[in-house]
Amino acid sequence: MSRTEIRITGFGGQGVVLAGYIIGRACAIEAGRHATLIQSFGPEARGSACSATLAVCDTEVLYPYIQRPDIFVVMSGEGYERYRAELKDDGVLIYEKDLVHPTPGAPDKAPLRLREGPAGPRAYGIPSTRIAESLGRAMVQNIVMVGFFTAVTQLVSRAQMRAAVQASVPPGTEELNLKAFDAGCAFFDTTYGEAAQSPALPASG
Amino acid sequence: MNTGNAELGTTGAGPGPADAAPEEHPIAPYVRMDRMPHIWCPTCGIGTVVKCFATALGETGVDLDKVAVVSGIGCTGRVAGYMKLDGFHTTHGRAIPFATGLKLGRPELHVTVFSGDGDLVGIGGNHFIHAARRNMDLLVILVNNFIYGMTGGQNAPTTPLTAKTSTMPFGNFERPFNLAHLAASCGASYVARWTCLHVRQLTWGLKDAIQRRGFRFVEVIAPCSTLYARLNKLGTGFNLMQFYHDNAEVRHGADTREVDIGFQDKIVCGKFVDDPRPTFLEMMDEHYRKILGDKYVPMPPAGGFIPDPDSCGNPDPNRHRDGAAASPRGPTP
Amino acid sequence: MRADPAGVLTGVHYLDGDFACGEGAMAAGCRFVAGYPITPSTEVVERIARRFPRMGGTFVQMEDELASMAAVVGASWTGTKSMTVTSGPGFSLMMENIGLAVMMETPCVVVNVQRGGPSTGLPTMVGQADMMQARWGSHGDYELIALCPQSPQEAFDLTIDAFNLSEQYRVPVLVMMDECVGHMTEKVIVRPAEDIEVVPRRLTAAPRGEFQPYRVDGRPVPEFARAGDGYRFHTTGLTHDERGYPVMNAECQEKCVRRLVDKIRGSAEQIVRFEEEGTEGADIVVVCYGITARVARLAVHLARERGVKAGVLRLVVVWPFPEQRIRELARHIRAFVVPEINYGQIVLEVERCAAGQAAVVPVPHGGGGVHDPSAICQSILRAAQ
């Protein structure tokens with residue numbers, strides 16, 4: 001059974017949990033797979049480091065928590081420091097370029113193989129906050145990130161994720177959020193190029 | 001009196017066949033005569049309060065089918081079992097929240113809480129203050145005998161300073177509650193106090209309270225000759241009644257800050273608060289109507305019960321929620 | 001009867017266990033909820049508080065869990081299906097009036113989203129250590145029903161079942177969820193109202209003068225009269241006769257309490273519910289419930305890969321306990337392995353029923369997380385040696 005583990009982290013207010021919810025919903029409902037979302041609770045969900053995890057599987061998710069994520073989505077420096085070590089050696093790092101500064105091969109941590117360029121990068125950065133601001137609302141930063149995530153990972157199709165965005169955001173904000181989603185996808189296309197091959201998702205048992 | 005309500009038809013039939021029946025006691029329609037004699041001691045004041053409440057119910061003409069009585073534990077806790085109404089004898093201190101559930105589950109009910117001081121403001125004190133704060137539509141009749149009777153004369157949160165109890169054998173040194181002030185300051189819309197001696201005033205006061213809405217608190221000072229009088233060498237129940245006669249003072253509208261009760265001190269009686277402010281359900285209805293408009297579906301007065309369309313057991317199809325969905329909550333005044 | 005469509009949010013949702021539980025309650029026809037905030041259960045009532053005003057339901061946030069439970073018992077006597085929701089510390093406070101509900105034979109549902117204990121313990125983290133409290137927490141002798149969902153979908157389905165069982169047997173039914181299931185978001189399918197079977201409150205058709213609230217006439221459960229329907233009945237937490245009148249003697253105690261116990265024990269084989277996977281011809285059977293059941297199934301897969309004939313028996317209904325099935329299995333297998341997020345509770349029941357015929361191996365976990373599947377697997381391998 002193929003299983004993909006994802007951690008999404010950021011600070012409270014960035015919409016970490018909603019991002020996780022949309023990805024989970026796209027997998028479980030739009031793509032017909034199984035996806036279990038676990039979110040962090042308590043004061044941290046309302047500020048400081050916030051985190052959500054997803055286990056996505058073609059069959060029933062038996063173990064609900066993640067052990068070593070295949071995909072690590074980071075929207076804050078604190079979240080990066082806190083969870084960077086658990087990312088799989090061949091995992092994919094997706095990060096907010098202006099807020100997170102990955103340190104390749106830091107001692108005593110699992111080294112991140114940050115190979116740039118079309119040969120198959122494992123780390124993908126996006127200035128998602130700036131893009132969201134350019135759309136008029138910094139709040140949609142998480143949806144920009146979801147778009148970028150979709151383009152990078154191809155975990156589900158862009159249409160499936162787009163449907164999940166539409167179904168999950170507050171009524172009346174769909175248009176802005178879909179615009180944010182598309183902007184995230186577009187950033188991937190222009191920055192990492194048509195030629196850039198997206199990595200096949202690493203799978204683990 | 002609403003004669004339509006005087007039918008006896010419930011669990012306890014009246015005493016004896018008709019040909020041999022003595023003249024029926026005036027409150028027999030309100031009392032489970034098959035449970036008499038009651039457990040209360042001679043000269044206990046609780047029976048008097050029951051009589052006054054029954055008389056008041058009769059005089060208001062309220063539909064007795066819609067009156068529920070809820071009691072907690074203790075001597076007064078037995079009232080719910082003796083009145084021929086829907087009667088709930090619940091757990092110690094929890095009569096008020098139980099009654100809250102009854103009221104919110106079927107808003108058309110007139111729910112009366114009938115219990116003692118230890119039950120309602122000792123173990124149940126938290127529920128008392130919050131129900132008053134919410135102005136929950138309950139009539140709370142608290143029989144205050146200054147002591148825990150059923151368990152044998154222990155100290156109560158109402159025991160006056162220096163009075164002796166079995167757990168304060170050298171006299172009480174804890175300050176008691178001034179219950180009228182407690183209720184008033186928590187937001188009760190009606191606050192009154194009477195003694196068991198004031199049979200007419202108490203009956204009038206209970207009738208007055210039945211006809212109002214919101215959290216209505218009626219404190220009744222009652223003699224406990226078996227314990228309170230004996231432990232404090234105050235004589236018999238008769239002597240306590242004599243004491244009420246000589247020391248009770250009726251002062252309607254009195255400032256509740258000044259009506260605390262000292263040991264063998266004067267007892268201020270009367271209606272202290274009568275402020276018809278909106279009840280919990282009225283506040284809720286008004287708020288939801290304002291915020292949700294047409295989307296608001298209030299619970300029908302007959303309650304949140306969803307009948308089985310195939311059932312033959314429902315006694316009155318008019319009470320079905322569909323028929324009542326459009327009508328407002330709560331009893332019509 | 002079919003569910004009232006007003007409470008059924010038909011569709012395919014991505015919901016956490018707490019929300020799914022709330023949806024299950026509303027679909028089952030629950031229209032009164034009293035609660036007090038406590039992590040990790042609060043989302044259940046938050047969901048309900050938002051949806052109730054649109055379907056004729058009333059939510060009230062009470063001053064504590066004593067009051068919440070008392071209000072639920074009171075509301076149920078109006079025929080309104082009623083529920084409260086809590087976690088460990090609040091569950092402790094509810095015990096008194098759960099006992100009242102048992103004694104008065106009041107249908108109601110209590111959801112406990114279990115967290116780590118004792119005392120304040122681990123408010124935001126998983127535990128399964130209230131399982132014996134669910135069975136024995138209120139004083140006196142009694143029987144009730146407890147269900148254990150393993151997923152948000154089951155939080156929805158079993159909450160409906162809980163209401164139905166509470167109506168059928170007139171007992172409080174406990175939904176013993178855990179923090180992990182409560183806070184886990186997964187796909188939840190809500191069927192159309194016409195596909196959801198709900199058990200209505202069975203009201204008496206007796207003429208007013210003839211109704212006795214606890215007369216059973218040979219049935220296990222008496223007929224119900226609502227407060228306000230003119231029956232003017234009495235009910236009490238005291239030991240009582242068929243009229244609901246207190247009677248203080250051993251004979252009445254035997255009659256009254258015996259029936260309360262027997263109505264569940266006598267129907268236990270209809271109430272118990274469990275799922276088995278690979279128990280046919282197994283040497284080892286893992287007995288599990290709630291979130292631990294999912295982890296245990298993973299462990300069983302691992303053990304089978306290593307050649308052990310292992311199966312799973314998952315308790316859906318935990319109380320009453322499936323004594324008969326455990327006894328049967330004990331005759332044929334080598335050992336039961338019982339992982340649970342406590343230091344040994346349900347394992348005691350397994351031990352009791354196995355009665356020495358099969359070994360019983362506990363796999364305890366103190367809470368704050370779920371088992372490592374390999375730890376359960378190791379226990380299976382050891383038990384198989």
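A salt bridge here is a side-chain nitrogen of Lys or Arg within 4 Å of a carboxyl oxygen of Asp or Glu. Keep that in mind, please.

Some ground rules. This is a predicted model, where local features need pLDDT of at least 70, side-chain atom pairs count only at pLDDT 80 or more, and totals for chains, interfaces and linings use all residues. Residues are numbered from 1 along each chain as its sequence is written, chains are lettered from A and ligands numbered from 1 in the order in which they are written, and side-chain values use heavy atoms, with hydrogens and water left out.

Start inside chain B. An automatic or database domain assignment divides chain B into domain 1 (25–279) and domain 2 (281–324). Their centres, taken over C-alpha atoms, are 32 Å apart. In contact terms, meaning heavy atoms within 4.5 Å, 11 residues of domain 1 of chain B meet 10 residues of domain 2 of chain B. How many salt bridges link domain 1 of chain B and domain 2 of chain B? The count is 1. B:R213 forms a salt bridge with B:E282, and the closest N and O atoms are 2.4 Å apart. On the domain 1 side, the touching residues are 3 nonpolar, 2 polar and 6 charged. For the classes: Ala, Val, Leu, Ile, Met, Phe, Trp, Tyr, Cys and Pro count as nonpolar, Asp, Glu, Lys and Arg as charged, and the others, Gly among them, as polar. The two domains of chain B bury about 920 Å² between them. Buried area is the accessible area (1.4 Å probe) that two parts lose on being put together, summed over both.

Now chain C. The assignment gives domain 1 (5–195) and domain 2 (273–384). Between them they bury about 2,100 Å², with 56% of it on carbon and sulfur atoms. In domain 1 of chain C, the residues losing the most area to domain 2 of chain C are C:Q128, C:M132 and C:Q150, together 32% of what that side buries. There are 3 salt bridges between these domains. C:R273 and C:D161 form a salt bridge, with closest N and O atoms 2.7 Å apart.

Next, the chains against each other. Which chains have the most contacts among the 2 pairs that touch? Chains B and C. Chain A and chain B share no contact, and their closest C-alpha atoms lie 16 Å apart.

At the B–C interface, 58 residues of chain C are in contact with 62 residues of chain B. The buried area is about 5,000 Å², and carbon and sulfur atoms give 55% of that. On the chain C side, C:E63, C:R232 and C:Y245 lose the most area to chain B, together 17% of what that side buries. The salt bridge count between these chains is 7. The side chains of B:D308 and C:R202 meet in a salt bridge at 3.6 Å, N to O. By element, α3(C) gives the most to the side of chain C that touches chain B, with 7 residues. Helices (H or I, at least four residues) and strands (E, at least two) are DSSP runs, numbered from the N terminus.

Strand β2 (residues 86–89) of chain B runs parallel to β10(C), joined by 3 bridges. Two strands pair if DSSP finds at least two bridges between them. In this pairing, B:H89 stands opposite C:T236.
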